[in-house]
Each structure stands twice: as structure tokens, then as C-alpha cells.
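Biologist: Please show me the model. I would like to ask about its strands and helices.

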Amino acid sequence: MASVLRADQISKSFGPIEVLSGITLALMPGEVHAVIGENGAGKSTLMRILSGHLPPTKGTLYLNEQERRFSGPVEAEHEGIVLVHQEILLAEDLTVAQNLFLGREIRRYGFVDDGAMRAKSRAILSELGVTLDPDTEVRRLSIADRQLVQIARALLVPHKVVVFDEPTAVLTPVEAESLFEIIRRLRAQGVAVLYISHRLNEVKAIADRVTVLRDGRLIGTHDIEGLEPIEMARLMVGRDMSKLYPDKPETASDQVVLSVRDMAVPGYVEHASFDLKRGEILGFGGLIGAGRTELFEGLVGLRTSTGSITLNGKPVRFTDGRDAMAAGIAYLSEDRKGKGLLLQQNLRVNLTLAALDRFSRGSFVDTAKEEATLDTAIRDFDIRARQRDMLAGQLSGGNQQKLLLAKMMLIEPQIVIIDEPTRGVDIGTKEQIYRFIASLAEEGRAVVVISSEMQELIGLCHRVLVMRNGRVAGEVGRADLSEDAIVFLATGVHEERAAEIAAGHV
Amino acid sequence: MTETALRTPAPSRRFKIDMRALSPFLALVVLVIAGALINPDFLTASNLTNVVTRCAFIAIIAVGATFVISGGGLDLSVGSMAALVAGVMILTLNRIGTPEVSTLALGMLAAIALSVACGMANGLIVTFGRIEPFIVTLGTMGIFRALIIWLAAGGTITMRNLDLRELYRPVYFGDVFGIPIPVIVFLAVAAIGALILYRTSFGRHVIALGSNEDVARYSGVPIWRVRTLTYVIQGICVGIAVLVYVPRLGSATPTTGLLWELQAITAVVIGGTALKGGIGRIWGTVVGAIILELVANIMVLSNFVSEFLVGAVQGAIIIIAMLVQRSLYRR
């Protein structure tokens, strides 16, 4: 069979640095082709070249076996190559229909024809198996629904090749399953799907073939038959990855350090109660939107909340994030770029921001001490920065997370709350972060891990609390930790039925 | 996308950052050369001293504006505030009346106290009212301006005691070792401003707040206090500028300080401070203020363009400065 899109010996350099070298890849119609690799392996660059956002430095693209050069993404789109971006790029104040047709509005007598666009939107959404009202403002949609709108928008143009860039990074299993349903539908229509993901289990479930990149080089293209996730990880990293999670430290005690009763965050959380013990890693699972982040933001005073908090036996009340930090509670936001780090500032400024008092002599900042601490942090946390004066925004996702960890550890917290510790982080860095979290517990700190990756909760935590619709739905003890147990509490149904629910067979 | 950013060759980026910080200084050099070519009188010590003295008010106010703007805010009320503070200061001096140093001290104290209060009002409304600083300071700009018109009954407030005027005169017209006092004050304000912005944790917090308010909040920065304080600093700077301004003419009118906010913001932006916050350059601001005054001076000396068009040229400069910044940033 002839390929619909083929890259032959593609290389890409930015200045003197080659980020891709000699990549060859053929996309067949009706196949789901996964591209995997660590952060920095060149996946995104390859995607951008294939979808016309970047020209290759060397090598040739063939469209339907004809040599082709794209002047830009618009031209690639005309040829039916569409890219579904990783970030949500929608205008929040516009409705679903207005977003779908943004920049390509249907017009009648020079005026926008809302009726026609609404009708067409409804048709497209139902074709994707999505039930969304075209008149809803995007700001009122969940992240998962926004993602679906973004996909619908991409598929609005006639398409032969659809590129998904880490589409499930923000989705829960049920939501991911409905996305897979869309992808399978595309495949059945003879569309070629290029699928980039960190989640190897998903790749196993959805892909027909897998291309592995490492350090900008092609490692190989394999059929999915007989290729297990553990083997994919080994190909990506270039070494054995069977031991991703460290041993759970045997430091979990019965000594309650933090006790929360009847916590409520208006609009998000009701009647949440739990205890956190010294030396334990407590997981918080649940679907996105279940109120996990809001619960902890309320707890540390970043949102208004009610309820009683007892810290080391004393009742406390935090009115802003500062209070909680002073009391020894660090909260690491899931939104690293938006709430964790100053992307336009350098590493030193970011590192010391939360603990600046410790770097002050009188009212002046002791820069020499800051620099020394940066040295220590770069070494202890293995932050890989090509230069010390880089901006935080120039670090890869994994290194940003390490910098954020280093930053919050400077306040020497007794309780560490980490929201989505490995979102957007490559697998090699994941392993480091897991080991670090385990070491926190070994040092006698109490750790809360909020995660949408169930494997992570199971591999890392002593016990897991699961939230559903703003309430704590239940607890899974160490002996009972399994994906099914978590999914059951998160959704009220067992995992095998989740796929059916997503497919609308219930 | 992260990959691309990560692997962008580093040396050129460093060069770019330097260019951004350096461009106002380069512009200054170019202007001085241009001025020297156009008129031989330009490069005389007396002319240059005159230029720097004349820009002192705007420069001092602009140092305060650097704090507000790099903290992600904006203050449009500075011109009206200066007029109001000048008027109240002169009224205070007239009320006490005796030509003594203590009178001057009390008048100055009143001026600084009022300017702190005005800045505090701006800061508190922005912070606790959670209203856009543009709107808040647009409102207070109108209020301050109306108050000075009302106090002056539409006319002029003048220092009545001539002996007191004579006593106060050296603060604008005097010099120390040949350096005019306004210039000394302005350099001192800039040096203290630079010290606070670059060396203290408060200054670090201002930059953090301007870069990303959420990150600052999640990092435990006391954002309400920091934000309010930037407006208070702006107020103090206006107060200091007024102290130097009043002896120059010895009066305040409804048109005192008109469009100073435009000139202060222009000086800040020319200097390389980011209007959206997160980057603050005190010395750039100082150079920006000098550039504005130099352009006016060169226009007066050259006869190419009518000096009535100075405002238009200064307006054009702010737009050009933004375009230059943008192109340096993109490349």
C-alpha cells in the first residue's frame, strides 16, 4: 500500500544544534501510528515538520508519494494534514460553535450565519459521539470537553492525516476512552493518525505501529504486536525500565500530623475529611474536576474554604498560601507554567522565591548565598540546564518540575502536597521524581500525591483516597491497591464497564 | 515545543538580552552625536547641564513608575498628583508664612505626607477593590486635577512670602561642586530605587508579581502589600519631584504637571521596562527621561521642526521604542 505521508531522512537544526537527524517515517492510510520518546527526543519538532509548522533543514517530505514542501501550516491543512495541539487553544468567551468556526465563519450577505454554524457544529459533534451544546461558552466546559472541541475544530477541515500531540495528558481514563473511540472511527474511515503520547499503556491499546525516537534519532519502527509497554520504555530510554517505582518506604506511622474535617470549598468540595500521617505517602485519585486540586488549594489558603484543620494536634486556619508555608506545608501546583514558576525569570530567582526570607540579610537579598543554593539544587535534584542563567521557561517539563520541587523544599516543609507530580514529564525524570518522593517519606515528612495516573498512585502510595464529585468517595488500602478499585470509587463503575460507558452502550 | 525552546542556541539569546538592556544607552549616544552635529552649542556643559536639570522632575517620577509598571500596574494620576501636592505645599507655606527653614521643612513634610496618602489611595483601591489600575488611576487623575483647580479657584497658587521664596530658591537653582541640586536629587532617587528594586526581597517580589501574579501568590509572596507599596513608592517619588519643582516657579496652576504621566510612562518604556510587568530597569528609565528632554532640546536648537511639535515627537518616540523592543524580542 502507498503511504499518504512519508518523511525521508528528515533533519532539523536550530542554529548549530541538530534536534532531529535522519528521521524516516511512513504513514499509511487507516493506521494509528504512535511516536514515542522522552522529552527532548524531538517528537514535537517532528510533528511540527510533518504538519508544515516548521521546514526541515535536510530531507524530503512525500505526500501521496509526490515530493512536497509546505510553506506553512495553512498549506498543509489544505492538503488534509491537521494537527491537534497539546495546549488548549480556544477563545474562552466564545461559544463552542463560534470556536469551531473561528477564522472560517460561515457568512451570508457579509454577516455571520450563526444558525448554519450552530447546525453544522451539532452535526460534527454528534458525528464524533460528543454531546455538547454548541451554544455553551467554552469557559464553562471541563478541560476534557475543551479538548474534544479542539479535536472537532481540527477535524472540521477535510483531513487525510490527523496528528495528536499528547492528547490524553489532561484526560482521565473514561475521557481518554472516548477519545480512542474517535481515533478508531478515524482509522475506520481510512484516515492516517499520528499519535504522540507519554502513556505507553495507551499506545499499546490504540496504536498499530510505533516509532521510537531518542535524542533526535530514529531508534526504530515496530508493529504493536508483541511489543509490550515495558519494552517500549526500554527503547525510549535505552536502558531497563522495569523498576520505575522505588520500594515503598516502611516509614508510614500512626502519628497523625494533619487532620482535616468537613472541609468545603464552595462550588468544588463538600464534607471532605481525612488524616495524614507522618512518613506516609497518601494518594488522591479521581477524575479531573472531582475537586482534588481545589480541596488542597482550599486547605492551604489559596481558595476560600470552611472546615476544621488540625496540624500536629493544634487547630489552625490559613488565610493565604503564606500562612500554610510558615506552618510547614508546601503545595506544588499542577499548573507548573501558570502557578509554579516564573517562566520569564532565571533559575536563581525562581528557586529562592518562596523562601526569600532565608536569603536576606536585613532587607537585602544575599545573591552569593542564592547562587550557592542554586549549585546545590542543580546537583541534588539533577536539574539539567545548559546554562545557569537560563530562563525557567527554557527548561524541559521534567527539569521545570525538579526546579519547582527544589524551590518548595527550601521552605523545609513538614508536609508536602504534590499535584500531578509527573504531568508532562518524561519517563527517565519520572523515575527520579518517584525516588525523591519516597525519600521525603523516609525523612519523616508526610506526602500527599494528587494524580490522575492510576499506575502512579498504585506504585507510589501507601494508601489512596479517591474523590468523586467533590466528595471523598472512599479509601483504598495498601493491600487492595488496583486500578479497578480506584476507577470504581472514582466513577462508581468498574473499569471494564468504563469503556462501555464511554462508548455510550449503557 | 519545549524541545525547540530548550535547544535554541544560547549565545545569541544572551546577546539579545544584552541588546534589550543596552538599546536605550545606544539611543542616547546616537542622540548626543546627532545633537553635536546639528548645533555646536549643543555639546556645551551649560546646555547639557540644563537638559539634565530640566528632566529631573520626570526622571524622579519615572523611577517610581518603574516600580509600578514592573510590578504589573500602571499609574496615570502622577501629573495631577504633582499639581495637587505642589498646590497644597504652597498653601501650607503661605499659611505658616515665616521665612524660616522650619517653615520649609513643615511644608515639605506636608507635601510628602500628602503624596504618600495619594499613592496609598491608588494602591489600596487597586489592591482591595480589585479594579484595573488603568481605571483606578484614571479616576484619581480626574479627582486630583479637580481638587487643585478648586483649591486655586481656577487661578494660580503662588508663594506669597518673597523671603521664603528666596530661601527655597537654591533647591532648584543651586548646585554642589557645579552639579545642580535637582540632578543630585534625581541621581540619588535613582540609586536608591535601583538598590530597592535589584537588591531587596521587596524588589524581587515586585518583579515576581509583575511576571505572574499567580506564581507569586502560590509562592507565598504577600502580593497585596507589595502591590500597594509600589503605588506608595510612586507617591513618594511624586512628592520628591514636587519639592524640587516648587522653587522653580514658586507657584502651582491647574495646568501644572499636565501630561507628566505620559512622559513618565514614555521614559519607563524607552528604558526597557516591560509594560506588562516582570522586567524593571531603573537606569534605563533614567536614560529614557534624559532622551525625552534631549529630543526637545535638539528640536529647539535645530529649527528643523517647530518646537510646538515636541509633544508629537515624544509621542512618536514611545511608539518607536515599543517597535524596537518588539523586534529585539522576536529575533
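Biologist: Over how many bridges do strand 13 and strand 14 of chain A pair?

Modeller: This is a predicted model; local features need pLDDT of at least 70, side-chain atom pairs count only at pLDDT 80 or more, and totals for chains, interfaces and linings use all residues. Residues are numbered from 1 along each chain as its sequence is written, while chains are lettered from A and ligands numbered from 1 in the order in which they are written. Strands (E, at least two residues) are DSSP runs, numbered from the N terminus, as are helices (H or I, at least four), and two strands pair if DSSP finds at least two bridges between them. Strand 13 (residues 256–265) and strand 14 of chain A run antiparallel, and their bridges number 6.

Biologist: Which strands of chain A stand at the edges of the sheet?

Modeller: The open sheet has 4 strands in the order 14-13-16-17, paired antiparallel. An edge strand has a single partner, so one side is left without a neighbour in the sheet. The edges are strand 14 (269–277) and strand 17 (314–316) of chain A.

Biologist: Which strands of chain A does helix 9 touch?

Modeller: Contact means C-beta atoms, placed from the backbone, within 7 Å. Helix 9 (residues 292–299) of chain A packs on the sheet. Helix 9 touches strand 13, strand 14 and strand 16 (306–311) of chain A.

Biologist: At what angle do helix 4 and helix 15 of chain B pack?

Modeller: Axes are lines fitted to C-alpha atoms, for helices over the stretch in contact; angles run from 0 to 180 degrees between N-to-C directions. The axes of helix 4 (residues 56–70) and helix 15 (residues 282–302) of chain B lie 9 Å apart. Their angle is about 145°.

How values were computed:
Two residues are in contact if their C-beta atoms, placed from the backbone, lie within 7 Å.
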